[in-house]
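Reader: Hi, I'm new to reading protein models. Can you walk me through this one?

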Amino acid sequence: MSNLILMDNYFNILQEVGRWKVIAIKDLYQSLKEAGSYSMFTIRVNKLEREGFLKSITGSNRRKYVHLTREGSMFSPVNISAIDSITLNHDLLVSSILNKLLDHPVFLKGHIAHTDYEDKIDPDAIIYGRKKGIEFKMAIEAELTQKSKKRVIKKFNLYTQDDEYDYCLYVFYLGSVYRAYKGVAERLDESVRSKIILLLDERLSKDSFSYLDAECYFNSKEMKFREIIE
């Protein structure tokens with residue numbers, strides 16, 4: 001049993017971590033727009049970890065990431081369970097993808113998706129943007145392994161038929177998986193190819209996502225991602 005009294009500054013940290021599932025401490029600090037210093041913020045995060053509410057891992061560049069423990073998940077504003085080792089790598093990549101996209105002025109806000117947010121489709125994340133004065137909503141899917149052709153077709157069609165999303169961005173780090181999904185898209189209706197964006201970043205990691213000059217397939221064309229959003 002923890003002796004820590006969860007005042008607002010601690011409670012807010014747990015809520016925000018729950019919203020992201022897993023997030024780098026520096027990104028968490030920026031997301032919360034903390035008024036205090038970063039060093040004081042890390043003291044609170046470390047205390048939450050010592051008391052068993054958070055668990056941390058360290059990336060290859062010594063960057064520290066945190067996620068909720070089972071005890072910490074009780075304070076999450078969304079229905080989320082403690083992260084297991086199988087889904088941790090996937091959730092780290094999704095967090096990295098979303099944070100890097102939000103650095104671009106086209107994108108206004110976004111969040112990791114939770115099952116209780118979306119009734120029809122369950123994307124990995126959702127991002128909102130504005131291009132040439134027109135606002136749009138885009139789903140994000142991080143595809144680390146290849147799904148069956150039948151499953152890919154079904155999800156492509158679900159996104160195409162769902163008016164809630166203007167686009168869906170699929171992110172890959174394996175060229176073979178990217179090409180397989182591209183082959184599926186090429187054989188489907190034009191309405192699919194005008195809504196589904198396939199992006200390949202072979203250096204994708206929890207510490208890096210280089211998307212602007214990444215190879216993409218969209219609207220039956222091969223192009224750079226910057227050509228789509230700028």
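Predicted model: local features only at pLDDT ≥ 70, side-chain atom pairs only at ≥ 80, totals over all residues.

Reader: Where does K137 sit?

Author: K137 is in strand β6, which covers residues 134–143.

Reader: And which side chain makes a polar contact with the side chain of K137?

Author: That of E164. The polar contact between the two side chains is 2.7 Å.

Reader: How far is K137 from D189?

Author: In sequence, 52 residues separate K137 and D189. In space, their C-alpha atoms are 21 Å apart.

Reader: Back to β6. How do β6 and β7 pair, parallel or antiparallel?

Author: Parallel, over six bridges.

Reader: Is β7 mostly covered or uncovered?

Author: Mostly covered. β7 spans residues 167–172, and five of its six residues are buried.

Reader: What holds paired strands together, in general?

Author: Strands of a sheet pair through backbone hydrogen bonds, and they can be parallel or antiparallel.

Reader: New topic. What is the strand order in the open sheet of three strands?

Author: The order is β1-β3-β2, and the pairing is antiparallel. The edge strands are β1 (22–24) and β2 (54–58), and each of them pairs on one side only. From one strand to the next, the twist averages 30°.

Reader: How many bridges join β2 to β3?

Author: Five. These two strands run antiparallel, and β3 covers residues 64–68. To find the pairing on screen, look at T58, which stands opposite K64 in β3.

Reader: Which strands does helix α1 lie across?

Author: Helix α1, residues 8–20, lies across β1, β2 and β3. It runs at about 95° to β3.

Reader: And what about α3? Which strands does that helix lie across?

Author: β2 and β3. Helix α3 is residues 38–50, and it runs at about 110° to β2.

Reader: Pick a residue in α3 for me.

Author: Take T42, which is in helix α3. T42 has 18% relative accessibility, so it counts as buried. A polar atom of the T42 side chain lies 2.7 Å from the backbone oxygen of S39.

Reader: Now the core. Which residues touch the most other members of the largest nonpolar core?

Author: L101, F107, L199 and F225. That core has 45 residues. A second, separate core has 22 residues, including Y170, A185, L188 and L198.

Reader: What is F107 in contact with, leaving aside its neighbours within four places in sequence?

Author: Among its contacts are L101, L102, I127 and Y128. F136, M138 and F225 are also on the list.

Reader: And L108? Where is L108 found?

Author: L108 is in strand β4, residues 107–112. Its relative accessible area is 42%, so L108 is partly exposed. Not counting residues up to four places away in sequence, L108 touches L102, Y128, G129 and R130. L108 and R62 are 46 residues apart in sequence, with 29 Å between their C-alpha atoms.

Reader: Are C168 and C216 buried or exposed?

Author: C168 is at 0% relative accessibility, so it counts as buried. C216 is buried too, with a relative accessible area of 0%.

Reader: Last one. Where does N219 lie?

Author: In the loop between β9 (215–218) and β10 (221–224). N219 has a positive phi, near 55°, and is not a glycine. At 35% relative accessibility, N219 counts as partly exposed.

Reader: What about S220? What is its phi?

Author: About 65°, a positive value, although S220 is not a glycine. S220 also lies in the loop between β9 and β10. Its relative accessible area is 39%, so S220 is partly exposed.

Technical notes:
Residues numbered from 1 in each chain as written. Heavy atoms only, no water. Helix = DSSP H or I, 4+ residues; strand = E, 2+ residues; numbered from the N terminus. Polar contact = N/O pair within 3.5 Å; in protein donor to acceptor, adjacent residues only side chain to side chain. Pairing = 2+ DSSP bridges. Axes fitted to C-alpha atoms, helices over the stretch in contact; angles between N-to-C directions. Contact = heavy atoms within 4.5 Å. Core = buried A, V, L, I, M, F, W, Y, C linked by side-chain atoms within 4.5 Å. Buried < 20%, exposed > 50% of the residue type's maximum accessible area, 1.4 Å probe, protein only.
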